[in-house]
Amino acid sequence: MLLLLFRIGETWYGLDARQVRQVVPHVPLTTCPGMPVSAVGTFTYQGSLVPVLDLGLLLGTTPCARRLSTRIIVVPWREDRGIRQSLGLLAESVTGMTQAREDETTPGQSCFADSASPDVLAAHHRPMVRRLRVEGLLTPEAEQQLFAQVGRG
Amino acid sequence: MLNRLTILQKLLVLSASFTLPILVSAYFTLTGIQAEIKFTETERTGARYLGALGDLMRHVAHYPGKSKEDWQRRTAAIWEALEGVAHQKIPGLSPDQTATDSGGGSSLGPNSLKALWSRTDLAGTPPASGETAVTHHEFIAAIETAIAAVADARYLALDPDLDTTSLIDLTVFDLPHLQAQLSALLANPRLRDPHGRLRFEEQAQLTAWSALIREGGAQVAKDAARALQANAHSSRVSPTISTTLPGAVQTFTIELEVLVLLLSELAKPDSPPKDRAALGLFGTRVSEEGFALWSTAVTEMEQLLSMRQDAQERRRWEAALATLAALAVSAGLVLLIIRDITRPLNLLMAAARRIATGDLTGSLDLARRDEIGTLGVTVSAMTKSLASLVGKVQGASVQMASTATELAAASRQQESLVSDLGGSTARVVTAVSQISATSQELARAMNRVKEATADSERIADAGRSGLVEMEGTMHRLLEATGAVSASLAAIHDQANTVSAVITTMTKVADQTNLLSLNASIEAERLGEQGRGVAVVAREVLRLADQTAVATLDIERMVVEMRATVSAGVSEVKAFTGEMRQGVQTSTEINRQLSQIISLIKELAPQFDSVNAGFQAQTLGARQIRDAVAELNEGARQAADSLKQFNEAAAHMRQAAQNLRTEVDGFRV
């Protein structure tokens, strides 16, 4: 299993590459009123509006800094009236990938052997990668509120 | 011993003591007069003895009488005269004294004369066998010797005095000698022989005789004239001598002249022998007249002696009477004076006794102007003042008793005050000791403050010099900072250039990374078909990652460098400002430190003065403590004195009561 690595605060997270549609640069975002706090705005991806959640606010305490390595991970969300909707996740240091076993909920020391960027890992000294599951990210109310705004938009 | 005598007895003793020398003097005067009288008596005895001897000589001289009856009568007269001579007692002249047994002088006692007379060929009795016969002439010589012995000073029979010297010369020496010579002349048998012729040497002898007799007569006349002259100048004048003696002398002298003429005629070689018959007649007459003169002279002498004795006896009586009269007068005066002294003294004594018994009412007036009178007046004044004094004392004793009670009360109060004072002084001593200790502590603290101030001054001084150095250092730093700032600006410019290159590189690496990521994701989604793509994508990703990382590092370094430089520049700016501020501040601090140092220097003498003040305070506290201790001692002594005063007051009260009792005895 290939994990896309990113960093929130001081913690490394991993996201299954199969759940990722594309990684795009941190493009300018359009903010909409009435969105949850963690939603920082929307952008147009392949002809449709995609809401972007700032994982720094959702999983951590501070919003993600604007850097070149800070990118938007576009993940497929759901089919709504034949339209494939996507969700943007803003995270820092989205530059590397790693191989991991399926049953490993918490990657151990062995994760670093296949690390695509050992220098980065060495630079951050973070031995542990938490696996993020996209399904548990949003509560139904938050999803509805988010996408309602998107839909209306 | 004198103390036991009264004044009367003392005066009597005084009088007796003055009477005693008078009596002694009178005694010696009277005994002297008595001795003179006795001596005059002796002289009269000597004169009578002389008269008797003269009588004897007259009888012996005319011994070869004309008849037998005449002879017997004359012998009896001679014997009587001898008895009369022996009857007289001359002191010192032994009756049996002979010429040989005396000490060289020629003297003969009456008994010796008697013995001698019995041995003469004229006495009618033949001398005893073995004894030589005494001639007529030798006997006359013996009588002459006896006469001379009367005036011998050894026997004090006759003492030549002013009135009797010439008479003694006449009667004792000159006239008896002349008579003896005459007697010897008349007894010469050759001259009495009317028939024989005189030999030549006999005629020469007559001439010598005649000269001797004339000379003897002249001597006698001179003696008589001297006696008369002495009598005329004497104090005691014999009334008869001037009438009897000159006549007797004149008669004797005339007769003697006749005899001398006769003798000178007889001495002529051709004188007739019958003229020698007249010699006996004239010789006898001359001898008779001589004896008459001698008798007159002796009588006069006796009379003079008698008059002398009378005068002496009269003098004795006068002396005795004068002494007695003087004694009587003095005794009378003494008695008068004694009475005059003792009478007022007795009066004074009685008055004094009255005063002694306490009776001050009487008065005393002696009416005298001597010391006793003054004493009486003084005693009267004294009595009056004593009376008033006793009156005042009677009043005062009552007042004194009450005063004594008040004094006792006051002294008790004072005693309690003094004991309070003792407690107070003890507290004061404690307080002063505390003050002293505190001031000493303060002084020590001041000393410490002073040392600290000195330290502060030193430190401030050191700080100021440090500040001065620091200021210099800051100025140098300021200059160095300027240089640093310039270097930093240069670095900043270069960093900007580097940054632009890196941005480009980063953008390329980013795009590469993104592409490779998406490629990897696509390859994964494709599964086995995308395996090769995945490998390529992974390699690209890795390269992109390395490039990105490198650029990222460079960028970060550049950014950090720029940030650092910027921060450095701003910090340098801020530092420069702070340095300037610091320099100003240090200058200000330096000024303030100088002020502090000057203030501290001004403070130092004040500390000294404060310290001296503290020391003075300590000393003063000590002196106060000493003074209070002395005060305490004084209070204690005062308490003692008060105790004594209390006792004295009690004594005084007792004395006042006694005084009152005594004074009440007086009658004023």
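Here are some friendly notes on the two-chain structure above, which is a predicted model.

1. **Where the chains meet.** Start with the interface: 20 residues of chain A are in contact with 16 residues of chain B. Together the two chains bury about 1500 Å² between them, and carbon and sulfur atoms give 61% of that area. On the chain A side, look for A:Leu68, A:Arg71 and A:Met97, which supply 31% of the area that chain A buries against chain B, more than any other three residues.

2. How many salt bridges does the rule find between chain A and chain B? There is one. A:Arg71 and B:Asp510 form a salt bridge through their side chains, with N and O 2.3 Å apart. Six residue pairs are in polar contact between chain A and chain B. The side of chain A that touches chain B draws at least two residues from each of strand E1 (2-8), strand E3 (22-25) and strand E7 (83-99). Sorted by type, the residues on this side of chain A are twelve nonpolar, five polar and three charged.

3. **The cores.** Next, look inside. The largest nonpolar core holds 64 residues, and B:Leu50, B:Leu113, B:Leu167 and B:Leu245 have the most contacts inside it. Several helices of chain B each supply at least two of its residues, including helix H1 (7-61) and helix H9 (275-356). Helix H8 of chain B gives the most, with twelve residues. To see one of the leucines at work on your screen, pick B:Leu167: beyond its neighbours within four places in sequence, its contacts include B:Ile241, B:Leu245 and B:Met301. There is also a second, separate core of 41 residues, with A:Val24, A:Tyr45, A:Val75 and A:Leu132 among them.

4. Over all chains, the count is twelve salt bridges. One of them joins the side chains of B:Glu43 and B:Arg308 (2.5 Å, N to O). This pair links distant parts of the chain, 265 residues apart, with B:Glu43 in helix H1 and B:Arg308 in helix H9 of chain B. Are these two residues buried or exposed? B:Glu43 is buried because its relative accessible area is 0%, and B:Arg308 is buried too, at 4%.

5. **Salt bridges within one helix.** B:Arg458 and B:Asp455 also meet in a salt bridge (2.5 Å, N to O). Both lie in helix H10 of chain B, three residues apart, about one turn of the helix. B:Arg458 is exposed, at 54% relative accessible area, while B:Asp455 is partly exposed, at 32%. B:Glu588 and B:Arg591 form another salt bridge, with their closest N and O atoms 2.5 Å apart; these two sit three residues apart in helix H11 of chain B.

Methods: Residues are numbered from 1 along each chain as its sequence is written. Chains are lettered from A and ligands numbered from 1 in the order in which they are written. This is a predicted model: local features need pLDDT of at least 70, side-chain atom pairs count only at pLDDT 80 or more; totals for chains, interfaces and linings use all residues. Side-chain values use heavy atoms; hydrogens and water are left out. Contact means heavy atoms within 4.5 Å. Buried area is the accessible area (1.4 Å probe) that two parts lose on being put together, summed over both. A salt bridge is a side-chain nitrogen of Lys or Arg within 4 Å of a carboxyl oxygen of Asp or Glu. A polar contact is a pair of N or O atoms within 3.5 Å; within protein, one must be able to donate a hydrogen and the other to accept it, and residues adjacent in sequence count only if both atoms are side-chain atoms. Helices (H or I, at least four residues) and strands (E, at least two) are DSSP runs, numbered from the N terminus. Ala, Val, Leu, Ile, Met, Phe, Trp, Tyr, Cys and Pro count as nonpolar, Asp, Glu, Lys and Arg as charged, and the others, Gly among them, as polar. A nonpolar core is a set of buried Ala, Val, Leu, Ile, Met, Phe, Trp, Tyr and Cys residues joined through side-chain atoms within 4.5 Å. Buried means under 20% relative accessible area, exposed over 50%, partly exposed in between (1.4 Å probe, protein chains only).
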